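Dear colleague,

Please find the structure below. My notes on chain C follow it.

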Amino acid sequence: MIIAITCVIAIVVIVFVLGVRPKDLPEPEPVSPFAHLDERKAAIYENLRDLQFEYRVGKLSDDDYQLTKKDLQKELAAVMAEVDRVKLQLQAGRGQAPPAAAVKVPTKAAVKDSLTCPHCNARFEQELKFCGECGKPMKAVRA
Amino acid sequence: MPGKMRRFKSSLLILVVAVAALAQTASEKPSVDVRRVGARLQCQCGCKDSVATCSMLECHFSKPAKERIAQMQAVGMNDEQIVQAFVRDYGIAIYLAPPNAFGWIVPYAVAGLGMALCLLFVRKYYKPKPMADLGVIDVDDPELAKYQEQIEKDTANLD
Amino acid sequence: MENLGSLAILLAFCLALYATAACVIGRLKSKPFLLVSGERAVYGIWVLIATASGILVYSLITSDFRFAYVAEHSNRSMPALYKYAAWWGGQEGSLLLWSFLLSTYTSVVVFTNRRKHRDMMPWVIGVLTTIQSFFLVLNNFIANPFQMLAVDKLITSVPDGNGLSPLLQYPAMAIHPPMLYLGYVGFSVPFAFAIGSLITRQPGDAWIFTTRRWTLVTWLFQSTGVMLGAAWAYHVLGWGGYWGWDPVENASLLPWLSGTAFLHSVMMQEKKGMMKIWNIVLVSATFFLCILGTLLTRSGIVQSVHAFARSDIGKYFVGFLALGIAAVIFLILDRLDYLKSEAQLESVISRESSFLFNNLILLASCFAVLWGTLFPVISEAISGDKISLDADWYNRLMVPIGLFLLFLTGVGPLFAWRRTSAESLRRNFMYPGIASVVLVGALIAAGMRHFYALISFGFCLFVALTILIEFYKGAKSIGAKNQMNLLRATIELTHRNTRRYGGYLVHMGIVLAFIGFTGHAFNQNEVKELNVGDSMKVGTYELRMVNLAQGDEANYSWHRATMAVSKNGEMLGTLEPEKRFYTASKQGTSEVGIRVRPNEDLYLNFGGMSDDNQRAVIQAYVFPLVSWIWIGTLVVIFGTLVCLVPSKIKLQYARTEVVGYARKNATVQK
């Protein structure tokens, strides 16, 4: 009796562990090559927010506030520059695909649809909040 | 009747044993003074603890030892004399050294070392002119200016 | 049944080895099927260990005394709760609990990250299952909980067991060890992520963002566990203290100290990308201290009042520790370039420096405790001198360090990130500083002369005020902007940045606990042998014994004194300290009588009967302020829970877009 149970358990375990079917493979979440830069950017925005708040409640002197704010903005600019650099690199690596998509745009430039950037006229396959080319908001200012 | 008597006797016996066990716990809670001296004597019951910390109930060594320490203290012997007396009776193996200077120095030395490491760290990473080598010096610097608009926009709705 | 249990842990051990191999090989050779199979093995391990644990618990509950473990740690008359708690009452069971908790954590990690961090996860799982394998080796071959009692190869049972150590038969004890273990085991997860990130050279700080909550939850368990231990010592041991610097207590404090340092120093990495090496070192140190803690508790290497077990299990732990530490050191040295700091210090007077100090002091105290714990062993090995360090030694060493830490708790948050000018400092320091100086002056005038106590009270007020001002200023600003009253604005403020304000609440809890610790300087005690009708004095209290009784219960026999307490002639009520003698294990315990008040506890312990068996030995203590330790602990727990609540404001910003990738708005979650 006990031997039977033992065998059953062992077999169940082995089948469970080894019986991986193709459909069981997880579809990995898409990883943006900018993930770590976005993290950094988020952290700097967070720092800016904290700084602004501390200044408003009077924990900081004016000088400290201005200096630190400028530092943070510069760091932010550096991160954004890095983003642009990576982007260029990616485009170069992927051949001409994205620019080609962008080149197609002018033919329909007049059409102000939601897929075309109102600032630089770059066109994308899907709806975006911010332009992937110039970084400006895709939709006209709502407010 | 005799059965009942025997049961009564045996329960009495259990009671007496229990009471005796309770009674001797009084001496298990030695005074601070006894504990101080006891901490310097190795318990010989095989427990590797000191006389003060031996947790064995009814320990054949630490219990009488604690009583003896208390008696010696009652007649006015100081810590050193009591320890000497025990060493004389049981040999040097019973002696537990008090914490020596080494025990003190090391933690502080490590704290000092940590302090030195911190200072080194500060020296290595401290930049008196933080922006000097970032390549961007002023707000109208082209690099920053390029992103200024984006930054302003994003920071505008910070809270 | 017993065979099933043994089989389950044996199979789990094989699976753990398989999972490690599958993940590492699958990752190196890029075989997705092997990776998924490795992850499934993790779930398999959990099911098997859960089965084994279930069998052990079942045999404990049903008092199946054929099991050696059950016979040794349980008996028939024990209440069901303690039969269950006997799971971790002994060596074999508690190591099984370790394995069970680790496999639970690993399964949760695997499940929540099944689609994330595909690059790093195989290594994370590999590290976790390696640890798991080690503990399963112990479960299977060193301390097997499914050993049977046998005579001539025939399984037998005994009529009744030895029972759980009566000291452990206390409600808090039913949750204290699992809490501590949840803490010990939990630090494996951030450690595994750190190592996974190090091996794969992940860009950015993904391991920190992913494990932030793990670390906080684990720290919460650890803090709760440590303080439950203190509460247990206070209420059960009967020596009137909550902390005796016992090696086992130290073992639980060590990872707490380094974990606290880690919690603070990750902020440097999150905010500025600094201290990357240091954070890896800290999280590894914390993990290894957890293993060391288990080793100290389980091996009896260092003698302790409550060393629960003495066995040769130590050498396996030492081997595991040595291998693990060597591997981590190698990895860090090999990848120093990856761990390069991204930022610089803008100013010496800044939050960054205060974090440096905080880390220094926390680690110095951690080292001091570690040193004190291991010194007797080291000293005996080197010079042959046997040395014992008593509580006084620790107190002399730790009190100044603790006070400095308290000071930093208050000062740290006053420094701004990057730079703090004298002007900013003056604004923040002035009122709390003046108030504490006034308080210390008043206390001296009132006749208090205890140096450390004066400093401690001064710092406590200082820190408390800085925290209150922080809340007040923030709430005022928010209230003015949104037309809210101060209370709502405070809640709003906390909700907007739960991590920061939750952190302040934790600091507040620490301050309250320090108020309680300081009370230690004014303890009073008195021991007297009393008969019915006799009275004694302790502090301002008068105690009179009105009754002395004895009796028997199923599990134990007892002696109880009824003491009438009065103060200045006014009757305050009665306390009933009791002494119990457990028949199964032949051990005595105390049920102390405590009159709890915010300003002081009156604590009566029935020490035993006098030598002539006529009078009761009553130990009476007055412990000023001791309740604040427990209140502070509750505040710490509450503050940590607040930290775990997601912040209300999730900063929306544009995530860098790559054509073809699904787009989401990134949120800053805190």
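**Notes on chain C**

In this predicted model, chain C has an accessible surface of about 25200 Å², 64% of which belongs to carbon and sulfur atoms (Shrake-Rupley method, 1.4 Å probe; for residues, only the protein chains shown count as cover). Local features need pLDDT of at least 70 and side-chain atom pairs count only at pLDDT 80 or more, while totals for chains, interfaces and linings use all residues. Side-chain values use heavy atoms, without hydrogens and water; residues are numbered from 1 along each chain as its sequence is written, and chains are lettered from A and ligands numbered from 1 in the order in which they are written.

Of the 670 residues of chain C, 61% are buried (under 20% relative accessible area; exposed is over 50%, partly exposed in between). Chain C has 19 helices and 14 strands (DSSP runs numbered from the N terminus: H or I, at least four residues; E, at least two).

Strand 3 of chain C pairs with strand 12 (residues 616-624) of chain C over seven bridges; Gln524(C) has Val622(C) as its bridge partner in strand 12 of chain C.

Ile325(C) lies in helix 12 of chain C and is partly exposed, with a relative accessible area of 36%.

Regards

Methods:
Buried means under 20% relative accessible area, exposed over 50%, partly exposed in between (1.4 Å probe, protein chains only). Two strands pair if DSSP finds at least two bridges between them.
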